[in-house]
Amino acid sequence: MRLALAVLTGVILLAGPAAAANWKLLTFPDMGFGIESPVPLVKGTGVYQAAVAGRIPTITYTGELDNIRYKVTIIDVSKRPAEALNLFEEMEAVTELQGKVIGNDSMGIEPGKLRQYGREVVLQAKDGSLRRIGLMYSKGRIYQAEGTVLPGGDKESIYPERFADSIIFDLDPKRREERCADPNNFKTPDGK
């Protein structure tokens, strides 16, 4: 009986933090994206300082839970199509200067023909935080989805990765479900 009680108590204690996060898909049709988050995201504004293009207004969505900050920054470059690639590359380079880069890899979202690629940077920031940043471009906007484990937070948490990797641009749930159900949308270019 005591053993069963001890095991049950252990399971409850271990499940506590995981159960506390109630992840939901949040959609922002006016900004053309959706993202999974364990907390509501509050809309704000900011400014991105580009080396070549100067100051560019941004829209931000931010939330925080258990020493992890969840943030999406959107830069509208639709009126500057000739600069979009340079701004994207510059954003990646500037991000890498903000700490020690632990990883920099390609990231892909959306299965099938709607698959989009971007960059995912993981870095140990100068303030001691651990940042996972997904950079994507879609329809005239650069999106930076960032999960940051703040100093004192659990650096082993998978939540920053889950957040940064969950951004989507197809907001039609029926179409997404159909694409995800089709095994052909998960084949490699060589057909495997």
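I take buried to mean under 20% relative accessible area. By that cut-off E120 is buried, because its relative accessible area is 11%. I keep in mind throughout that this is a predicted model.

**Entry 1: the bridge at E120**

I looked up the partner of E120 and found R132, with the two side chains meeting in a salt bridge at 3.5 Å, N to O. R132 belongs to strand β8 (residues 130-138) and E120 to strand β7 (residues 116-125), so this pair ties together parts that are twelve residues apart in sequence.

**Entry 2: other salt bridges**

How many salt bridges does the count come to? I get four salt bridges. I noted the general point that side chains of opposite charge can pair when their charged atoms come close.

Next I took D30, which forms a salt bridge with K43; their closest N and O atoms are 3.4 Å apart. D30 sits in the loop between β1 (24-28) and β2 (33-37), while K43 is in strand β3 (residues 42-50), so the pair ties together parts 13 residues apart in sequence. I then checked how open each end is. D30 has 47% relative accessibility and therefore counts as partly exposed. K43 is also listed as partly exposed, because its relative accessible area is 48%.

Then I turned to R162 and E36, whose side chains meet in a salt bridge of 3.1 Å, N to O. This pair links distant parts of the chain: R162 is in helix α3 and E36 in strand β2, 126 residues apart. R162 is partly exposed at a relative accessible area of 36%. E36 counts as partly exposed at 28% relative accessibility.

**Entry 3: aromatic pairs**

I searched the whole structure for aromatic pairs and found eight. One of them is Y70 with F163, an edge-to-face pair with 5.1 Å centre to centre and 65° between the planes. It joins distant parts of the chain, with Y70 in strand β5 (residues 68-76) and F163 in helix α3 (residues 159-165), 93 residues apart.

Is Y70 buried or exposed? Y70 counts as buried, because its relative accessibility is 1%. For F163 the relative accessibility is 0%, so F163 counts as buried.

I then looked at Y143 and F169. Their ring centres are 4.8 Å apart and their planes stand at 50°, so I logged the pair as tilted. Here too distant parts of the chain are linked: Y143 lies in strand β9 (residues 141-149) and F169 in the loop between α3 and α4 (173-181), 26 residues apart. Y143 is buried at a relative accessible area of 1%. F169 counts as buried at 8% relative accessibility.

Which residues do ring pairs link into a cluster? I listed F28, F33, Y61, Y143 and F169.

**Entry 4: P81**

Last, I looked up where P81 is placed, and found it in the loop between β5 and α2 (84-96). P81 is exposed, because its relative accessible area is 61% and the cut-off for exposed is over 50%. I also checked P81 against R141: they are 60 residues apart along the chain, and their C-alpha atoms are separated by 9.8 Å.

Note on methods
Residues are numbered from 1 along each chain as its sequence is written. This is a predicted model: local features need pLDDT of at least 70, side-chain atom pairs count only at pLDDT 80 or more; totals for chains, interfaces and linings use all residues. Side-chain values use heavy atoms; hydrogens and water are left out. Rings of Phe, Tyr and Trp (its six-membered ring) pair if their centres lie within 6.5 Å; planes under 30 degrees apart count as stacked, over 60 as edge-to-face and the rest as tilted. Helices (H or I, at least four residues) and strands (E, at least two) are DSSP runs, numbered from the N terminus. Buried means under 20% relative accessible area, exposed over 50%, partly exposed in between (1.4 Å probe, protein chains only).
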